[in-house]
Amino acid sequence: MSIVTVQLGQCGNQIGFEVFDALLSDSHSSQGLCCKRENEAYQASCKERFFSEEENGVPIARAVLVDMEPKVINQTLSKAAQSGRWKYGQHACFCQKQGSGNNWAYGYSVHGPRHEESIMDLIRKEVEKCDSFSGFFIIMSMAGGTGSGIGAFVTQNLQDQYSNSLKMNQIIWPYGTGEVIVQNYNSILTLSHLYRSSDALLVHENDAVHKICAKLMNIKQISFSDINQVLAHQLGSVFQPTYSAESSFHYRRNPLGDLMEHLVPHPEFKMLSIRNVPHMSENSLAYSTFTWAGLLKHLRQMLISNAKMEEGIDWHVRPPLSGLPSLGKMSLNKDLHFNTSIANLVILRGKDVQSADVGKKF
């Protein structure tokens, strides 16, 4: 089943490019890990989800690009075309010449209603290209004006017009030190509206991804491109085709539906996050060895201690032995810092994955 991606604002469009590039690169780099038949099935499933019919042998991303300024969209279209591996649709973008000034209200109340018909028409055309439609993946920032304001407006319209289709928003949490002076207001207003209209909110924190780039990827001068590539790697590990636990012969057909079935058991609990191991530069891979037992041990402790990366995990944090403590006991215990969640899904990728013993630890 196919996913239509909506890229909003500078952040959404730059991340969207990296996501599509990573997805297609991964589908081709899988050769050699499996037999030819499995490789071909993996590539076909990936293209069905994220790319439409090929034009002169080049896959076209199932995406709509929206920004109120043309610069980033033009750069994104050019980078995709120059890659030679894939590209965006010729008429799948919408831009204007005046931005939203980092003002959520201007994006939501002015640009949104003014351009609603044009943006929704582009999305409708992209949906109609899908033989089997899974839902929408919406990439946006919370700090700026276009991504947050128009992102909230477009998501609300998608809920009104496609109420039976799934909608997952990937939202970028701003740096704690601040990107724009009104980022707190933009973020609160974005969350309050998305919580009513989206089915799931996948949150990435800029501070956490920045630390991954610095400490695990060993990048000295960290750019937004570096951060976006880490985000794309994490998203690819979730959205690329996977076998279900019940059947090892067919890939999951509905990627958004499968994720939400496991991770959003109640509509009021829809804030999601990703823990991904291992993170490291390609230069370090040749000198590293991993075991499934070691990776799962680190991943489990990252979940318990609410760590964003495997370096610096607090191994002293432990969940209670018999369920959650009562409210009275919790208020008295100042050392209780374990993370709580109502649902988790483990996705394993790599060689000898069948030998991994997940057991009941998750």
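Me: What should I know before we start?

Reply: Residues are numbered from 1 along each chain as its sequence is written, and side-chain values use heavy atoms, with hydrogens and water left out. This is a predicted model, where local features need pLDDT of at least 70, side-chain atom pairs count only at pLDDT 80 or more, and totals for chains, interfaces and linings use all residues.

Me: What makes a space a cavity and not a pocket?

Reply: On a 1 Å grid over the protein atoms alone, a cavity is a set of points where a 1.4 Å probe fits but cannot get out, while a pocket is an open set with protein on both sides within 12 Å along at least five of seven lines. A search of the whole structure finds one cavity of 30 Å³ or more. The largest cavity holds about 60 Å³ of space, and the second largest pocket has a volume of about 600 Å³. A volume here is the space filled by probe spheres set on the points, with grid points joined across faces, edges and corners.

Me: How do you know which residues line the largest cavity?

Reply: Lining residues have an atom within 4 Å of a grid point. Among those lining the largest cavity are Thr5, Gly16, Phe20, Phe50 and Phe239. α1 gives the most, with four residues. Helices like that are DSSP runs (H or I, at least four residues), strands are E runs of at least two, and both are numbered from the N terminus.

Me: How is the lining of the largest cavity split by class?

Reply: It has eight nonpolar, three polar and no charged residues. Ala, Val, Leu, Ile, Met, Phe, Trp, Tyr, Cys and Pro count as nonpolar, Asp, Glu, Lys and Arg as charged, and the others as polar, so Gly goes with the polar ones. By that rule, the second largest pocket's lining has 10 nonpolar, 14 polar and four charged residues.

Me: What makes a group of residues a nonpolar core?

Reply: The members are buried Ala, Val, Leu, Ile, Met, Phe, Trp, Tyr and Cys residues joined through side-chain atoms within 4.5 Å. The largest has 43 residues, and Phe20, Phe50, Trp86, Tyr88, Met168 and Phe239 touch the most other members. Its largest share, seven residues, comes from α8. There's also a second, separate core of 27 residues, including Phe136 and Leu201.

Me: Why is Cys46 called buried?

Reply: Buried means under 20% relative accessible area, exposed over 50%, and partly exposed in between (1.4 Å probe, protein chains only). Cys46 has a relative accessible area of 0%, so it is buried. Cys130 has 11%, so it is buried too.
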